[in-house]
Amino acid sequence: MRQLFVLQIPKKHFFFFAVLVCAILTIFYSVALKSKHHCGKETATVLIATCTLPNNIIPENLPDNEAGTFLPNVFEGLVRFKPDSCAVTPCLATSWRVSPDGRTWSFTLRPGVRFHNGRPLTAPLVAAAFERKLSAAAVSSYLHLLFGMVASVDAPDPQHVTFRLKYPYTPFLRNLALPQAAIYLPGALPAGTGPYKIEALREGAVSLQAYKGYWGKTPAVARVLLRKIPDPGRRLRLLQQGKGVIALDVPLTAVSKLPPATLVKTTGAAVSYLGLYTDKEPFADPAARRALALLIDQAALCRNLYGRLLPPATALLPPPVAGTIPQQVPGSSHQTPAGVPSILKKRPLTLLTYNEARPYNPAGGIPLAAEIKRQLAGAGIEVAIRAYPWEKLKAAIRRQEGDFFLYGWTSDNGDPDNFLCCLLASFQISRGLNATHYRNPTFDLLLARGQQIPDSPLRAQIYARALATVAADSPLIPLAYSVHLAACTPEVSGFCLHPLGTYDLQRLKIGW
């Protein structure tokens with residue numbers, strides 16, 4: 001029979017022994033607790049609850065910017081956007097030159113960069129990646145918008161890539177910072193060069209692992225799990241019940257219930273606006289348009305609809321857009337007009353709007369239309385509201401139904417040209433983008449010049465003049481800028497939302 005070993009401790013030493021045992025247990029418990037909560041650099045994990053994940057992570061297959069929000073952490077481009085604006089900074093290219101005619105762009109690659117599979121980055125691989133993009137652009141209207149100006153791309157040596165454009169086009173540089181322009185190597189799991197690599201990919205979930213061979217600073221958080229959770233209530237419950245959690249696309253109605261320290265907010269590169277048909281009464285008269293603009297109180301609108309979470313629009317270009325020139329539009333100072341033109345009171349004006357919420361109007365089109373109606377009623381202008389589903393609204397605006405309409409614009413690349421040219425250039429009328437039918441030859445000439453001038457004080461002056469022209473003519477009235485909202489559990493820091501909707505994980509930290 002096995003005998004039990006019993007430790008005999010004299011009573012006079014028992015107290016000291018008990019203290020020693022407690023100290024040892026405390027140390028082991030602390031180590032175990034850290035391991036349990038993934039606090040170490042090698043084991044830290046963050047869960048991101050998102051409303052959407054792309055069905056396909058191949059950069060050139062992304063339908064728009066919203067689909068590729070996390071991908072800049074995996075796939076990098078020759079350039080990238082600065083963290084808080086739409087200005088461009090080097091990434092896989094350390095520098096670039098533009099020929100005097102603006103049609104040849106030469107990029108010098110960063111040395112020592114390796115893909116996630118260990119293969120070194122070279123100019124021929126970059127050229128091959130863009131050949132795939134140009135082939136895709138032949139059948140994709142969105143990619144054609146981004147890369148249709150490229151005539152050819154080649155690699156004169158291992159460290160240099162040259163693009164030859166069909167015509168001078170300065171916004172091309174910002175197109176190269178978009179997720180669709182990222183460089184990758186094809187494979188079962190495509191290999192990028194970013195701070196994170198794809199560990200696993202399945203329906204509704206993505207697992208990212210920090211890439212130890214990254215050319216920059218290795219991320220502090222070793223693993224990021226992304227889960228597709230369309231229901232905002234479920235995303236917020238995860239935030240309240242868990243640790244190491246980030247919830248994206250937080251509803252405006254939930255913001256007041258969150259601790260201020262957990263909220264992450266940035267002004268987006270999108271604008272909500274009131275469009276006026278400039279080629280039919282009553283708004284064919286610029287004086288009527290300017291008078292209406294003076295009656296709209298953007299600050300009151302944002303206070304009443306969004307609780308001041310959305311910034312009131314003081315110009316067409318949102319603040320994060322690189323090259324934005326501070327420029328007030330009529331109505332932003334809320335001067336009382338000398339009188340309202342009688343044509344605006346002659347009959348009820350029909351305002352077209354959309355039923356659902358939009359990125360630049362989370363309150364929905366009908367509440368926004370009701371606020372516009374309320375404000376104009378104070379000036380004796382009667383408004384009738386007609387609402388449509390989004391696609392039917394666009395068709396109704398193309399038919400020029402009603403008298404004016406609620407619309408908005410989300411920037412593709414954060415360049416001023418992407419707003420002014422798309423929304424107001426004369427040639428965009430036939431394409432359906434210039435829904436106001438605004439025509440101004442001087443404005444068109446300014447835009448053409450702005451597309452060709454490199455980013456510089458001169459280019460900024462050109463867009464300042466273009467903005468002043470639009471403010472004077474008032475073909476549309478900017479209402480509010482968009483915001484991106486996320487929330488983190490208290491121990492998560494360093495999460496950065498970009499104005500174009502992507503987010504940066506490299507500076508992410510966990511501090512329990």
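Helices (H or I, at least four residues) and strands (E, at least two) are DSSP runs, numbered from the N terminus. The model is predicted: local features need pLDDT of at least 70, side-chain atom pairs count only at pLDDT 80 or more, and totals for chains, interfaces and linings use all residues. Residue numbers start from 1 along each chain as its sequence is written, and side-chain values use heavy atoms, leaving out hydrogens and water.

Stop 1: Most residues other than glycine have a negative phi, and most peptide bonds are trans. Select D249, in the loop between β11 (245–248) and α6 (252–255). Its phi is positive, about 55 degrees. D249 is partly exposed at 41% relative accessibility (buried is under 20% relative accessible area, exposed over 50%, partly exposed in between; 1.4 Å probe, protein chains only).

Go to Q400, between α10 (390–398) and β15 (404–410). Phi is positive here too, near 60 degrees. Q400 is buried, at 17% relative accessible area.

Now pick E281 and P282. The peptide bond joining them is cis, with omega near 10 degrees. P282 sits in the loop between β12 (263–276) and α7 (286–295).

**Stop 2: helix α2.** Select residues 123–137, the 15 residues of α2. Buried residues include L125, V126, F130 and K133.

**Stop 3: α11 and α13.** Select 416–424 and 457–473. Which residues of α11 meet α13? They are P416, D417, L420 and L424, facing R459, Y463, A466, L467 and V470.

Conventions. The expected span of a helix is 1.5 Å times one less than its number of residues. Axes are lines fitted to C-alpha atoms, for helices over the stretch in contact, and angles run from 0 to 180 degrees between N-to-C directions. Contact means heavy atoms within 4.5 Å.
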